[in-house]
Amino acid sequence: MTDVSYQTLTHNGLWKNNPALVQLLGLCPLLAVSASVVNSLGLAAATMFVLITSNISVALIRNVVSDTVRLPAFVMIIAAAVTAIELLMQAYTYELYQILGIFLPLITTNCVILGRADAFASKNPLLPSAYDGFIMAVGFGAVLVVLGAIRELLGTGGLFANMHLLFGESARAWQITLIDDYQSFLLAILPPGAFIVAGLLIAVKNQIDARAKRLAAQNAAEIVVGAKRVRVTGKIS
Amino acid sequence: MDFLRITSPHGHGPLSTAKVMQTVLLATLPGLAAMTWFFGPGTLINIIFGGLIALALEYAVMGIRQRDPLFYLRDYSVLVTSTLLCFALPPYAPWWLIVIGVASAVLLGKHVFGGLGYNPFNPAMVGYVVLLISFPLQMSSWAAPRGLGEVPGFTDALTALFFARDYDAVTMATPLDIMRQNTGLLMDDLYREATQFGQWAGVGWEWVNLAFLAGGVWLLYQRIFTWHGPVAMLAAIGLCAAAGFDGGSSNSGGSPVFHWLSGATMFGAFFIITDPVSSAVSNRGRLIFGALIGVLVYIIRVTGNYPDAVAFAVLILNFAAPLIDQYTQPATYGHDRSSE
């Protein structure tokens, strides 16, 4: 497993094996918190901290902890990291801490984190593990922020409201109101909107993949499954 | 006579999707007439405007999906979807409400699942629920019926459609709403006090429901659907209402007749739950499907947050339809159930 290149890791984390769009892990916070950009960013940052910390720690102890007790050990590490980020956010971004509420402690049970710890960090050295945690968190966070932006835009007609919760008072001015006097589209902010928008995002991703595959097949002059052909015997599978 | 067919069945009904859909559209005419009489031309304008939007959307989506748009436009199904949705919208709704509703119905309700025949939910009800959840204010401003308020004319209705802010339609709480919010009056007092109540249910509403009943019975006669779903739904509502009603107080939720002739009961029973795609398939399944919808409609009407419940009940039971189908699959002819 040591021959994993950083390029593959990047491609996996951001696109091919994206935690939110392909593995569909960690959907609970993803759908519950992504009602606005600032919430999404807050949760993405917290998740990234936990993911990197836990991946590094797991990679360090991977040769010490025996296989039979590895899962409890991993969960302990993750829980410790979550507690740390929770206290940090309580200290520095208290309002956001209150908005995110139960979903901060729930990062512990986010399957992405335990999944990466067990599937990658427990079998790889420190640096690739740290990078894997980082890039997975970026992939997860990117989807989270895009989802938050779409929902905030549809729901309130603006973007980047309340950014001062995360970036200090000067960020209050970042708020953009695209449409004045917008009838708020409640569905986008309510939970069903999260499912619908996430589903549409997955659909767009699959569409892009399918198109890329078709183009590649055409360029390679390979036989395209389902294509029209003259010979009618045999089967292309 | 036609002697061309040799094997049975010898009698054949040349029913196509387009024919079925046209028949359904025709059957909504009594309901449309009643609504236009009592609430003014708002519903008619909704239906025409919504229909145009729906046709344009269907054309565009079929183009994107690389199908022949005209082939699919010709089966009238998208018009039925938009018409049923627009019946459910309040008259004199602003134009964007109709656009969002029709777009949700056609795109989210139908095409993301693969188009007509693949939709697990009733598209019209998807559009309606999207609107009801998103825009509670606009969706709950229902026009006052003739006799209680001024019924707007045609130009007023058009103004309301495109310049919502320049014209305030006269709106009024519907009888179902009053019934839900009043818990402390005797029924006779309530009927005297609130002018919205008519002979059996609400002024206007009772006739609208009877008109939809007439259209539905005609569809039944035309064999567009079987009697199982509608009858089960109406029976379930009636039984629930009879069980809950104590004969006098408004706290007990209204009589069976009140529930049959209020809100969207008849419209739902004959035009919504009979959708062949999203309902249960077998006759026994349809009985269960309809009855559960009826029970849910009553429960949500009496104890829920929303005055009417047909859309929610239908969507929930659409979820359940595959399960109902699995347990009500009829035995194949010549086999007994145990050998399957």
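Tutor: In chain B, 31 residues of domain 1 are in contact with 27 residues of domain 2, contact meaning that the C-beta atoms, placed from the backbone, lie within 7 Å. This is a predicted model, in which local features need pLDDT of at least 70, side-chain atom pairs count only at pLDDT 80 or more, and totals for chains, interfaces and linings use all residues. Residues are numbered from 1 along each chain as its sequence is written, while chains are lettered from A and ligands numbered from 1 in the order in which they are written.

Student: Which element gives the most to the side of domain 1 of chain B that touches domain 2 of chain B?

Tutor: H2(B) does, with 8 residues; helices here are DSSP runs (H or I, at least four residues) numbered from the N terminus.

Student: What are the bounds of the two domains of chain B?

Tutor: Domain 1 covers 13-172 and domain 2 covers 175-327, bounds that come from an automatic or database domain assignment. Their C-alpha centres lie 21 Å apart.

Student: Why is H3(B) called oblique to H9(B)?

Tutor: The axes, lines fitted to C-alpha atoms over the stretch in contact, come within 9 Å and cross at roughly 50 degrees. Angles under 35 degrees count as roughly parallel, over 145 as roughly antiparallel, 65 to 115 as roughly perpendicular and the rest as oblique. Therefore H3(B) is oblique to H9(B).

Student: Which residues make that contact?

Tutor: B:Gly42, B:Ile45 and B:Phe49 of H3(B) meet B:Ala157, B:Leu158 and B:Leu161 of H9(B).

Key:
Contact = placed C-beta atoms within 7 Å. Helix = DSSP H or I, 4+ residues; strand = E, 2+ residues; numbered from the N terminus. Axes fitted to C-alpha atoms, helices over the stretch in contact; angles between N-to-C directions.
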